[in-house]
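User: I would like a close look at one part of this model, and then at how that part sits in the whole assembly. Please keep it brisk.

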Amino acid sequence: MTTPTHVVSAGADLFADAVAAQAVDVTRVDWRPPLPGTEADLAAVVGDPRRHAANEQAVAAMLGVTARLVDVAPASEVLGLQRGQFLHAGPPITWDRASGPMRGALMGGAALEGLVADPEEAVALFESGSGVELEPCHHRRTVGPMAGVVTPSMWMFVLEDTATGARTHCSLNEGLGKVLRYGAYGPDVLTRLGWMRDVLGPLLQSAVRSVRDSTGPVDVTGILTQMLQMGDEAHNRNRAGTLMMLRDLAPAMVASGRDSTDVAEALRFIGGNDHFFLNLAMPACKLALDAARDIDGSTMVVAMARNGTDFGIQVSGTGDEWFTGPAQVADGLYLGDYGPEDANPDIGDSAITETAGIGGFAMATAPAIVRLVGGSVPDALATTRRMHEITLEENPRWTVPVLEFQGVPTGIDVTRVCRTGILPQINTGMAGAKAGVGQVGAGLVNPPQEIFPKALARLAERARAHADQSD
Amino acid sequence: MNTLSHVELRPGAYADSVTLLQVSRAVQGLDGVLAAQVAMATGLNVEVLTEMGFEVPPDATTNDLVVALRLADASALEAALAGVERALKDANRRESGPSELAAPRTTASALRRAPEGLALISVPGASALVEAMDALDAGRDVMIFSDNVPLDQELTLKRTATERGLLVMGPDCGTAVVGGLGLGFANTVQPGPVGIVAASGTGCQQLLALLDHAGVGVTSALGVGGRDLSAEVRGLSTREALRRLDADPAVELIVVVSKPPAEEVAAELRAYSDGLGTPVEFALLGAGRPDLTAATETVLTRLGREVPTWPVTGTATAATSGQFLRGLFVGGTLCDEAMLIASSVLGPVRSNIPLSPELALGADLAAADHTMVDFGDDALTAGRAHPMIDATLRLDHLARAAADETTAVILLDVVLGHGSEPDPAALLGPAIAAVRQPVVVALVGTDADPQGLEGQVRALVAAGAEVHLSNAGATRRAIELMKGQS
Amino acid sequence: MVTPARAIPVSASPRVQDRLAAAADGPVRVLHRGRHAVYLDLDGWCVGVVGSAAVAVPCALRLGASELSTLSSASVQVRDGILHLDDAPLTIGRLVEVRAPTLRLAHLQRSLAASAPRPEVAELVADVGGRPLDPAAVGRLVGRGDGLTPLGDDLLCGWLALHRAAGVTTPEIDAAVLALLHRTTLLSATLLDCALHGEVLPQFAAYVAALGTPHEPTAAAALAAVGHTSGAGLLHGAHLALTELGASIGAAA
């Protein structure tokens, strides 16, 4: 056997020292004990003979998806959403446990659909529970930012993976300030939502279809690739993405034959909302991750989502089960006079961007974002590097120039989170805890640690059951 | 005396046992500190602490770091605690590599940074499978020094490795030499025509030392872990190791060193070896079989090389009192070999790794009988540094054996090489000089070992020991010195 | 209190270790300094100290991959058989095999890949090839060429080392070489001495191991790429030896 040119040493420094003393390069692992109580489950899951291939398959499936914008249509049509049905961000939740912004958004949604005349009346409606149903967006192949409330009359972006025909959806972004997704439900909010339903939605549909049928549907994955090289990370910073999308759709919007005042209003609306592209970035990420679902033995996280009360993850090898814990309050900078006591716990399906390796995971590519969240540039680089410790692969399409075009950290591995104690890093906006207040700040947040050992335990059960069957 | 005892628990703080050994030593040297121990709260360490007179809180777990100090008086506490912090920080300081790049946190992440090379795992046994599997997933060979790895996990690793044509050296593999690079406790050897497959660390090291003295080089010595040739594992790693050595053009003769495997495993092994292009010599250490030195002589003869007279330096005088031979070993196989030789002449020998269950020693390791103790056994190293690094426990028992009037002759092994104590003769010498009984030492090492073989021999001889390169030779000599006493 | 300089771990062949152990204490003359290597005169035998980017000559102490900056040191001396660079001891932590692997000529069934020698090499080969090497040819090769290792020496090294690998002694040629070592650089003379013992560069050892296998053309190319013309010289020296020993070169496979 030839002399090794390199040794990786995990454990006692003394053995690494001995290798170095023999003039061979050694890399020392900074090993620490895993999260308490996870040792046995880790051995069971890592020892599962299906795991390695299952994870390779999951990553390949995810990286093989190209998301294209094929349509814009009402939720009643594309999701079969019926009167009284409400989708929301995060894992399943009931009205009684919902936080301020979530309640506010549901109340506004109820008024929008005409279930009540005044949003305030919706409280009694939801408390009674009669004639209303709440369901996570994720359960209907949809994602929603912040409260993420979807009602039947809302127009949805429809993204498709042409290879498989699989689809995901997301509503249109209302803009900043007092908006439904932050739990505001005043007359301005409802008026704007009405305009989006009557003018913006149909106009976008026309443009999207026209582009689709002429030069081919807008390649959202491709826009994400370019955005990441332009200082966007697709969660808190979507400016370049929004402008590129506008560039792709504007001519068709103008040529749609609709009233030029409406077209101008729509262009101004989109152009003035730096977060418009978020509602395309999110379903593009979900489309990629959905392709990796339900692979036996895979330890890859396929969804991270918050409903303002709970933070939940879903894992490829454990089907639709949600592993939940308390949503945390972000740590960052506050707008105006707001402070930590004003902030609601973490909310929104937008953590799907981090799940796909962008957002907080790609912080190194968007150093400008760190000032917004109160960090420094070295922090941004260190964060992306740290996320590589808990992911399976690097994304060959989405790369970070300042890290020598290293691909973004892709495929969060439950076992690696439990082994290292490193939690996924999310960049997020903060909603005011009182419904209707709107955004109070932006910052950094993690999932609650406990959900990863929970997911690991279920994976371990399945690994042991599989081992028993094979014996 | 106003002595003050201070015991504190630090949950979640962690450092490996060797690092904590260094920290404890540093703290013991501070002004006003009468006694100190900084260790993880494993069962064994708690026992040690209790014996030292410290009260360890009953809810302490193995994930807690214990800082125990005995001070001359209370005024020394603050400085002593500051000293503890300093020592912990110093011990944990790593040389920083390229700025901004933090050290990798898993073997997987480290291997991504290294385009080739193998992994060496010495984390606690319960976490060894996870790190080792990282190596196999990256298509690399792995050496697992860690012990206390469950059998089913060993099987999982070795089955995976077999599927992928990779080699798992271990678990519980203390020694390997891969193309001249020593891993774990290994010696610096000349390159040459011998390849070794070893289910035993110190057995391998004895071979390396004897061959090196005979001027015969070793290309590689691949450890397979103590359980590889069991009926359950059936030699999965042994087979792969044989394949690798057979394929190496520099290897002209392969030696397999092990305890005798289960019959069906032995038969399979011989059949497999017969199918190889390279001749294989089996050195299976057991009752009625050749010892390691005899096996080495056979290897030399098969290679057409001269068998030297194995070196002996210094002269011990015959025992004048006591009836029992007491062996204190750091190498398990060396202890085994000594026991096999001694029992056939002197009768039953008691041990913590006895040749049969009724000869087992109690926890105090003492008996009114011949005794041979392996201080490297799992039970004595849980949460504690191996005796090849930390001589404390053996030195303690050496003093007890010398004070015991029934002790006639003392037999010790000293194993040199990478990873081992840098100057064992300096620690043992004074202890040996204080012993009135004859002391025979088996000093296993090569000329090029970092400790400096020659200097170690001289120092031990100066302390009054008779020093042999051959453990079998040392054992026979110790028995000879017993004549008339037992 | 003098802080001892940090030891620098190196690997070396047993013969290099022996020569150092036998060397007298005192300063050592530096023959040549490069970016990744320094060559020293150790009592009439050349010892190199080479980083991982340098050619791994068999008469060298080899640094581990990451060390290289220490080579621009001011003082070089031997103390107690250990080489010191600016008071930092180069401790030999590992012994390396530098001899080419055994070559079983009888098993060499495939014919060797032919490759057109470079012009400088072709000239030499034309001069001495076509008939078995004799002492007169040796006289025309030793020291012939420019640089630290003249091309004629490289050719001879390849020829000698291949014979050693094949287990064939060459007493006449050996004597002729030894008699002329004073005619060339100390480094080259040392490399010839190494070749007489079968000690070679890793690329040469790999080439010998690859003979008769599908890997051979790649190994030959890797050897030829070493240095400016040294590798090509070694390769064609080996070819000359193989031809003499009966293997066929360039014939259709």
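Which residues does B:Ile196 touch, not counting residues up to four places away in sequence?

Analyst: This is a predicted model. Setting aside residues up to four places away in sequence, B:Ile196 touches B:Cys204, B:Leu207, B:Leu208, B:Val218, B:Ser220, B:Ala221, B:Leu222, B:Leu245, B:Val255 and B:Val257.

Now the setting of that residue. B:Ile196 belongs to the largest nonpolar core, a group of 98 residues. Together with B:Leu183, B:Leu325 and B:Met372, B:Ile196 touches the most other members. Helix H11 of chain B, residues 332-346, gives this core its largest share, seven residues. In soluble globular proteins, nonpolar side chains tend to be buried together. A separate core holds 96 residues, including A:Ala184, A:Met227, A:Met300 and A:Ala356.

Is B:Thr333 buried or exposed? B:Thr333 is buried, because its relative accessible area is 14%, and the cut-off for buried is under 20%. Beyond four places in sequence, B:Thr333 touches B:Ser200, B:Thr202, B:Gly203, B:Leu285 and B:Leu292.

B:Leu285 leads on to a lysine. Beyond four places in sequence, B:Lys259 touches B:Leu285 too, along with B:Leu284 and B:Asp336. B:Lys259 lies in a loop of chain B, between strand S11 (253-258) and helix H9 (263-274). B:Lys259 counts as exposed, because its relative accessibility is 54% and exposed means over 50%. The side chain of B:Lys259 makes a polar contact with the side chain of B:Asp336, at 3.2 Å. B:Lys259 and B:Gly286 are 27 residues apart along the chain, yet 6.1 Å separates their C-alpha atoms.

Next, the partners of chain B. Begin with chain A. Here 44 residues of chain A are in contact with 56 residues of chain B. The two chains bury about 4600 Å² between them, 59% of it on carbon and sulfur atoms. On the chain A side, A:Met1, A:Phe15 and A:Trp31 lose the most area to chain B. Together these three account for 19% of what that side buries.

B:Asp134 forms a salt bridge with A:Arg419, with the closest N and O atoms 2.6 Å apart. Between chain A and chain B, 21 residue pairs are in polar contact. Elements of chain A that give two or more residues to this side include strand S1 (6-10), helix H1 (13-20), helix H14 (377-387) and helix H15 (414-420). By class, the chain A side has 21 nonpolar, 13 polar and ten charged residues.

Now turn to chain C. Ten residues of chain B are in contact with nine residues of chain C. Chain B and chain C bury about 820 Å² between them, 57% of it on carbon and sulfur atoms. The chain B side divides into four nonpolar, five polar and one charged residue. How many salt bridges cross the interface of chain B and chain C? The rule finds zero there. One residue pair is in polar contact between chain B and chain C.

Last, chain C itself. Its secondary structure comes to nine helices and nine strands. Buried residues make up 53% of its 253 residues. Among contacts in chain C between residues at least 6 apart in sequence, 67% join residues at least 24 apart.

Technical notes: Residues are numbered from 1 along each chain as its sequence is written. Chains are lettered from A and ligands numbered from 1 in the order in which they are written. This is a predicted model: local features need pLDDT of at least 70, side-chain atom pairs count only at pLDDT 80 or more; totals for chains, interfaces and linings use all residues. Side-chain values use heavy atoms; hydrogens and water are left out. Contact means heavy atoms within 4.5 Å. Buried area is the accessible area (1.4 Å probe) that two parts lose on being put together, summed over both. A salt bridge is a side-chain nitrogen of Lys or Arg within 4 Å of a carboxyl oxygen of Asp or Glu. A polar contact is a pair of N or O atoms within 3.5 Å; within protein, one must be able to donate a hydrogen and the other to accept it, and residues adjacent in sequence count only if both atoms are side-chain atoms. Ala, Val, Leu, Ile, Met, Phe, Trp, Tyr, Cys and Pro count as nonpolar, Asp, Glu, Lys and Arg as charged, and the others, Gly among them, as polar. Helices (H or I, at least four residues) and strands (E, at least two) are DSSP runs, numbered from the N terminus. Buried means under 20% relative accessible area, exposed over 50%, partly exposed in between (1.4 Å probe, protein chains only). A nonpolar core is a set of buried Ala, Val, Leu, Ile, Met, Phe, Trp, Tyr and Cys residues joined through side-chain atoms within 4.5 Å.
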